[in-house]
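Here is a short walk through one protein model. Keep the structure in view while you read.

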Amino acid sequence: MMQKKKKIANKFVIKNEADGIQSLFSTLKKEKINLEDCWFCFEHTGHYGFSLCYELEQICCVYSIIPALQIKLSLGMTRGKNDQVDAERIAMFAYTFRDKLQPSKMSSDCFQKIKQLLTYRNQMVRISTQLQNSLKSHQAVCQLTHFDYVVDEIKKQIIEVKVKLNPLMSY
């Protein structure tokens with residue numbers, strides 16, 4: 001028996017910001033689609049999906065965030081990749097597994113703040129390490145050139161990063 005190919009009803013691009021997300025909601029309403037009857041499904045993209053999650057929760061919509069690898073593995077071998085193809089594959093995944101999808105929820109406000117602080121702290125630690133490594137190489141060159149400006153600037157930056165890291169160590 002031949003399987004009937006699903007037809008995509010509508011395609012459009014939105015900006016990943018509050019105005020763009022609101023335009024998605026407006027477009028769906030114009031199409032006479034009740035948002036409370038929708039189940040939104042999208043790929044986990046880290047902080048890029050945060051705005052969409054926030055806006056969906058503000059209007060009490062159900063949504064699922066799916067890891068990209070899970071979507072990829074469900075498709076088997078595929079070729080080609082761009083935003084439109086990805087969107088169609090996510091839609092097909094959501095339709096195929098609609099009975100198995102679990103609703104997602106944003107983490108608590110407190111947890112979001114902790115996560116943000118930890119991310120920032122990790123970035124500062126990486127920057128500190130990069131500056132320390134850079135300082136060593138510039139100090140070696142400075143011994144030959146007797147040009148201290150770069151070494152002095154890097155030392156100042158290291159101090160600035162340490163000052164920023166100090167309060168983060170207590171979190």
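Predicted model: local features only at pLDDT ≥ 70, side-chain atom pairs only at ≥ 80, totals over all residues.

Start inside. In soluble globular proteins, nonpolar side chains tend to be buried together. Here the largest nonpolar core has 14 residues. Six of its members touch the most others: Phe-25, Leu-35, Phe-40, Phe-42, Leu-56 and Tyr-63. Which elements build this core? Helix H1 (18-30), strand S1 (39-43) and helix H2 each supply at least two residues. H1 gives the largest share of this core, with four residues.

Now pick out Leu-56. Leaving aside residues up to four places away in sequence, Leu-56 touches Phe-25, Phe-40, Phe-42, Cys-61 and Tyr-63. Of these partners, Phe-25, Phe-40, Phe-42 and Tyr-63 are also on the list of core residues that touch the most other members.

Next, look for open space. Rolling a probe the size of a water molecule over the atoms shows where empty space is left. The second largest pocket has a volume of about 540 Å³. Its lining holds 18 residues. Which of them are closest to the centre of the pocket? They are Gly-46, His-47, Phe-50, Gln-112 and Lys-115.

Several elements share in this lining. S1, H2, S2 and H5 each supply at least two residues to the second largest pocket. H5 gives the most, with four residues. What is the lining like by class? Nine of the lining residues are polar, six are nonpolar and three are charged.

Phi of Cys-60 is positive, near 60 degrees, and Cys-60 is not a glycine. Is Cys-60 buried or exposed? Its relative accessibility is 65%, so Cys-60 counts as exposed; the cut-off for exposed is over 50%.

The other loop lies between helix H5 (109-145) and helix H6 (149-168), and it holds His-146. His-146 also has a positive phi, of about 60 degrees, although His-146 is not a glycine. His-146 counts as exposed because its relative accessibility is 64%.

Conventions
Residues numbered from 1 in each chain as written. Heavy atoms only, no water. Buried < 20%, exposed > 50% of the residue type's maximum accessible area, 1.4 Å probe, protein only. Core = buried A, V, L, I, M, F, W, Y, C linked by side-chain atoms within 4.5 Å. Contact = heavy atoms within 4.5 Å. 1 Å grid on protein atoms, 1.4 Å probe; cavity = no way out; pocket = protein on both sides within 12 Å on 5 of 7 lines; lining within 4 Å. Points joined across faces, edges and corners; volume = space filled by probe spheres on them. Nonpolar A, V, L, I, M, F, W, Y, C, P; charged D, E, K, R; others polar.
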